[in-house]
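The sequence and structure come first.

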Amino acid sequence: MAKVTHLVRWMGMLAIGFAAGWLVAVPLRGGLVAAIQPLLANPAALIASVVAFLVGLLGFVASWRQASVARRSADAARISAEAAKTSADAAMMNARNAGTRALADVRIDWLKDLRDTLSEYHSILMCENPDAKGEADPNAREKANAADDRRLSYLGTKLDLLLNQKKQYQQALWQVSDDILKHKNPTDKDYDEADKRLVEAGREVFDFHWRKIKAEVLGEPPLKEPLAQDANA
């Protein structure tokens, strides 16, 4: 029953469409025949009209194809520009990462040099030279002390150059090391206290700068060492 109803509906719509088309076409038929009557009577005019129509049609097709080619070219240029920008961004990022790694390597080398220098400086200050102990020959003792003094002078100068005294942690480390060197007739208690201060100041410098290197390599916000109080004055 549903199929019959559907068929009847389509046949009704077809009949209505045919009737509407016939009602519209009847008034136009006479005008269309009147319009093409001169062309049918004049073959040359008919040919010219057909040629003009074909030329117009070909012109439209050519214009459409040119527009399509131009659109594809524009799309290709846009894609190429986006690809070039992506490549440039990648190259810039690689260069920036390479620069960051190079700077991190420089900082690591600086920390290693500072660590080794400070360790030797600490060792000479805190441990008496065996050649200068007890019953050692006076000349040998004097020679050993002179060698230590020269080495301490060298290490102290190196620490001056390695440490930036305008920075809080580095200035504190330098001050401790300088106080130990200038201490006159220190007792064992003085050595113990100076040793603790030196180690604590050194750890603070190394801890901060290791965290600074890590932040730079990982692209985190950079860390800045606070200025020393004298530098703020």
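A nonpolar core is a set of buried Ala, Val, Leu, Ile, Met, Phe, Trp, Tyr and Cys residues joined through side-chain atoms within 4.5 Å. The model is predicted. Its largest nonpolar core has 24 residues, and those touching the most other members are Leu114, Tyr121, Leu159, Leu163, Leu173, Ile180 and Leu198. At least two residues of this core come from each of helix H2 (43–126), helix H3 (138–162), helix H4 (168–182) and H5. In soluble globular proteins, nonpolar side chains tend to be buried together.

Tyr121 is in contact with Leu152, Leu155, Gly156, Leu159, Ser177, Asp178 and Leu181, when residues up to four places away in sequence are not counted.

**Helix H5**

Helix H5 covers residues 188–218, which is 31 residues. From first C-alpha to last, H5 reaches 45 Å, close to the 45 Å expected at 1.5 Å a residue. Its buried residues include Ala194, Leu198, Ala201, Val205, Phe206, Phe208 and Ile213, and also His209, Lys212 and Glu216. After H5 comes Gly219, with a positive phi near 75°.

Arg107 lies in helix H2, and Asp195 is in helix H5. Buried means under 20% relative accessible area and exposed over 50%. Arg107 has 24% relative accessibility and therefore counts as partly exposed. Asp195 counts as partly exposed because its relative accessibility is 24%.

| Residue | Paired residue | Separation in sequence | C-alpha distance | Contacts |
|---|---|---|---|---|
| Arg107 | Ile213 | 106 residues | 7.3 Å | Lys212, Ile213, Glu216 |

Which residues line the second largest pocket? They are Arg107, Trp110, Asn164, Lys167, Gln170, His209, Lys212, Leu223, Lys224 and Glu225. By class, this lining has 2 nonpolar, 3 polar and 5 charged residues. H2 and H5 each supply at least two residues of the lining. The space in this pocket is about 150 Å³.

Notes
Residues numbered from 1 in each chain as written. Predicted model: local features only at pLDDT ≥ 70, side-chain atom pairs only at ≥ 80, totals over all residues. Heavy atoms only, no water. Helix = DSSP H or I, 4+ residues; strand = E, 2+ residues; numbered from the N terminus. Expected span 1.5 Å × (residues − 1). Buried < 20%, exposed > 50% of the residue type's maximum accessible area, 1.4 Å probe, protein only. Contact = heavy atoms within 4.5 Å. 1 Å grid on protein atoms, 1.4 Å probe; cavity = no way out; pocket = protein on both sides within 12 Å on 5 of 7 lines; lining within 4 Å. Points joined across faces, edges and corners; volume = space filled by probe spheres on them. Nonpolar A, V, L, I, M, F, W, Y, C, P; charged D, E, K, R; others polar.
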